[in-house]
Each structure stands twice: as structure tokens, then as C-alpha cells.
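Please walk me through this structure, from its metal site to its core and its charged pairs.

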Amino acid sequence: MSNEVELFLIRSPYAFGGYSGRRDKTPFSILGIPLDMTSSFRSGYRMAPLSIRVAAQNLEYFSMRFGVDVEDFLYVDEGDVILPQDGVLKALDIIKMVSEYLLANGRIPVFLGGEHTLTIATVRAAAEVFSRDICVLVFDAHADLRIEYSGTKYSHACVVSRLLDFISKDHIYLVGTRAISGVEHERLKSSGLRFLTSKSLKRAGIKHSAGLLQDFISSCGKVYLSLDMDVFDPAYAPGVATPEPDGLTPSDILDLLYEIVNNKFVAMDVVEVTPPYDPSMITSMLAARVIIEFMAGVYQRVKTY
Ligand SMILES: [Mn+2]
């Protein structure tokens with residue numbers, strides 16, 4: 001770790017699942033990003049990286065979906081990014097710097113949010129490292145297509161608009177969309193962005209939907225996966241900032257990931273968990289499960305590390 005990056009990191013009192021592996025044995029790095037600045041409703045994201053880490057200790061690490069034991073290779077828990085509290089732009093700069101360092105050093109980071117706004121910085125970092133090759137898959141109930149929200153362009157409600165500032169619409173695919181304003185709906189249609197609503201995903205089924213996403217992925221050099229936990233139905237993930245009914249089930253998402261995850265996936269974020277609204281920890285448990293399955297899937301399909 002370079003000294004400059006080290007300055008912006010603090011060790012978590014609790015590593016993901018209680019373990020941190022050896023850097024030479026695993027490509028994966030866990031990085032907590034407790035960004036908690038622009039919530040318009042329920043905040044508390046800053047507690048999420050720790051909560052997901054604790055939840056992970058109480059799950060099994062053998063993935064029956066992929067037939068891979070994540071304990072065989074593990075991950076390095078890099079700790080949390082230390083964020084300034086005097087402006088979201090400053091925070092995004094630091095997130096980008098640390099993320100870019102990990103990506104440029106060949107790590108496959110799993111970013112633990114934090115609010116969805118952090119994706120603007122982590123994808124920017126991926127775009128620096130992988131140039132225009134990078135595609136972004138956004139699993140989210142919301143389209144996040146507002147131009148600005150509550151007086152800032154850098155809000156959790158504007159994430160996809162900000163990605164479109166530097167990523168081509170052909171390199172972004174939205175999955176699980178179901179919550180949108182009329183203006184955003186117009187933007188979604190006129191932008192030419194591809195998207196799969198939760199309704200169409202359920203009607204078409206996992207196999208067919210996965211086929212659409214596989215076509216998209218085959219056109220990409222590298223893939224960044226951004227998973228807003230509100231893509232799940234609030235019955236399964238109640239502890240999010242802006243829950244939205246009529247969502248997807250854990251099996252929908254995990255089966256979809258089983259079909260699409262491959263060696264093009266270079267990073268993932270899991271965002272929007274709000275532990276104060278998650279007293280049973282099921283949202284953190286689900287977040288940790290998705291992360292374990294993601295690492296199992298990528299590892300099974302890379303296998304060369
Ligand atoms: Mn979002």
C-alpha cells in the first residue's frame with residue numbers, strides 16, 4: 001500500500017467475516033466506504049460497512065451455486081476510507097484515489113457502501129484504469145436519473161446521470177428498475193439507455209433476462225457491478241434508505257449473477273444498507289451473501305490466480 005493511500009485508510013475493528021487473507025493468495029480486496037451525506041430519507045449508511053462485515057461472519061463461505069469455497073482464497077480487508085465531512089466532492093476525490101490505487105494494482109475490489117453516490121467515484125476510478133472498455137451494470141430499484149437533487153448534482157438520486165457524464169449510454173445497463181419520476185422516465189426513454197424493469201425480469205424469467213445481460217456483457221471489455229440493495233424487495237432487504245415495493249427476491253438476483261458473472265467483472269459495490277433500519281440484520285446478511293457469491297463466481301471463472 002502506498003503511503004499516500006495509507007493516509008486515507010483506517011483499519012476496521014472487524015474484518016469482513018472476521019478474516020483477512022493474504023494479498024498474494026487472492027485478487028479480492030474489501031474496502032469500506034462509509035459515505036453518508038446526501039440521504040433524502042433514512043440515513044445511517046455510515047454504519048453499514050461494519051454491519052456487513054459482522055453479518056459475513058455468520059454465513060457459510062462454501063458457495064453451492066458455484067461449487068467454490070471462498071475460504072480457500074479469501075480476500076484482503078483493506079479497512080475503511082476516511083472521509084472528510086465538509087463536502088461530497090472532496091469525499092468523492094478521496095474515494096476515487098483509493099479505488100484507483102487498488103484497481104491499478106490488479107485488485108478486484110468489493111466496495112462496501114455507504115450511499116450510492118460513491119459509485120460515481122469508484123466507476124470513475126475504473127474508467128481511468130480500464131479506459132473506455134468499462135461497462136457498468138446497475139442493479140437498483142431507482143433509475144437515479146435526476147439531473148440534481150436537493151441542491152446537488154452529486155446525490156444518491158443522480159448516480160446514473162453522473163455516470164452518463166463520462167460513460168457512454170451503450171456501456172450502462174440498469175436492472176430491476178421500478179421507481180422513477182415522470183421526468184426521469186422521459187430521460188430514460190430519450191437517453192437510449194438499456195434497462196430491465198423488475199416486472200419484465202419476472203415475466204421473462206431469469207434465463208431469458210440473463211441472456212439479454214450476457215449479450216451486453218459480451219460487448220464489454222470489463223464490467224463493474226453496482227448493487228443498490230433496494231433492488232431487492234423490502235421484504236428481503238428492509239434496511240435501506242429508500243425502500244421500494246415490488247422488488248426482486250434474493251434467488252432472482254443470485255440466479256441472475258450465477259448466469260452472468262465471468263472473468264470480465266473487475267469490481268463490485270454493495271450500497272445503501274442502513275443498519276438503523278435493519279434490526280434483524282437481514283439486509284446486512286443478504287449484502288454479505290451477495291458479496292460471497294460474487295467472489296465465488298468470479299474466482300471460479302478466473303481460476304488462474
Ligand atoms: Mn441507487
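This is a predicted model: local features need pLDDT of at least 70, side-chain atom pairs count only at pLDDT 80 or more; totals for chains, interfaces and linings use all residues.

Residues are numbered from 1 along each chain as its sequence is written, and side-chain values use heavy atoms, with hydrogens and water left out.

Begin with the manganese ion. Its protein donors are His116 (ND1), Asp140 (OD), Asp144 (OD) and Asp228 (OD), at 2.1 to 2.3 Å. Donors here are N, O and S atoms within 2.8 Å of the metal (3.2 Å for Na, K and Ca); water is not among the atoms, so sites may look incomplete. Along the chain the donors of the manganese ion are spaced H-x23-D-x3-D-x83-D. His116 and Asp228 link distant parts of the chain, 112 residues apart. His116 sits in the loop between strand E6 (108-113) and helix H4 (118-130), while Asp228 belongs to strand E10 (residues 222-228). Helices (H or I, at least four residues) and strands (E, at least two) are DSSP runs, numbered from the N terminus. Buried means under 20% relative accessible area, exposed means over 50%, and partly exposed lies in between (1.4 Å probe, protein chains only).

Now turn to the nonpolar interior. A nonpolar core is a set of buried Ala, Val, Leu, Ile, Met, Phe, Trp, Tyr and Cys residues joined through side-chain atoms within 4.5 Å. The largest one holds 61 residues. Phe16, Leu137, Phe139, Leu227, Met229, Phe265 and Phe294 touch the most other members. Which element gives this core its largest share? That is H10, with 11 residues. Apart from this core lies another, of 42 residues, including Ile94, Ile95, Val123 and Ile134.

Leaving out residues up to four places away in sequence, the contacts of Phe16 (heavy atoms within 4.5 Å) include Ile30, Ile52, Arg53, Tyr75, Leu112 and Met295.

Helix H2 (residues 48-57) supplies some of the surroundings to examine next. Of its 10 residues, 7 are buried, so H2 is largely enclosed by the rest of the structure. The buried ones are Ala48, Pro49, Ser51, Ile52, Arg53, Ala55 and Ala56. They pack against E2, E5, E6 and H10.

Aromatic rings come next. The whole structure has 9 aromatic pairs. Rings of Phe, Tyr and Trp (its six-membered ring) pair if their centres lie within 6.5 Å; planes under 30 degrees apart count as stacked, over 60 as edge-to-face and the rest as tilted. Phe16 and Tyr75 pair edge-to-face, 5.2 Å centre to centre, with 90° between the planes. Phe16 lies in the loop between strand E1 (9-10) and strand E2 (28-33), and Tyr75 in the loop between strand E4 (68-69) and strand E5 (76-81), so the pair ties together parts 59 residues apart in sequence. Tyr75 is buried too, at 0% relative accessibility. The rings of Phe265 and Phe294 have centres 6.3 Å apart and planes at 65°, so this pair is edge-to-face.

Finally, the charged side chains. A salt bridge is a side-chain nitrogen of Lys or Arg within 4 Å of a carboxyl oxygen of Asp or Glu. The count comes to 17. Arg289 and Glu293 form one of them, at 3.1 Å from N to O. Both lie in helix H10 (residues 282-302), 4 residues apart, about one turn of the helix. An α-helix has 3.6 residues a turn, so residues three or four places apart point the same way. Both Arg289 and Glu293 are buried. Lys90 and Asp86 form another salt bridge, with their closest N and O atoms 2.7 Å apart. Here Lys90 is partly exposed at 47%, and Asp86 is exposed at 51%. Salt bridges also link Arg53, Asp77 and Asp80 in a network.
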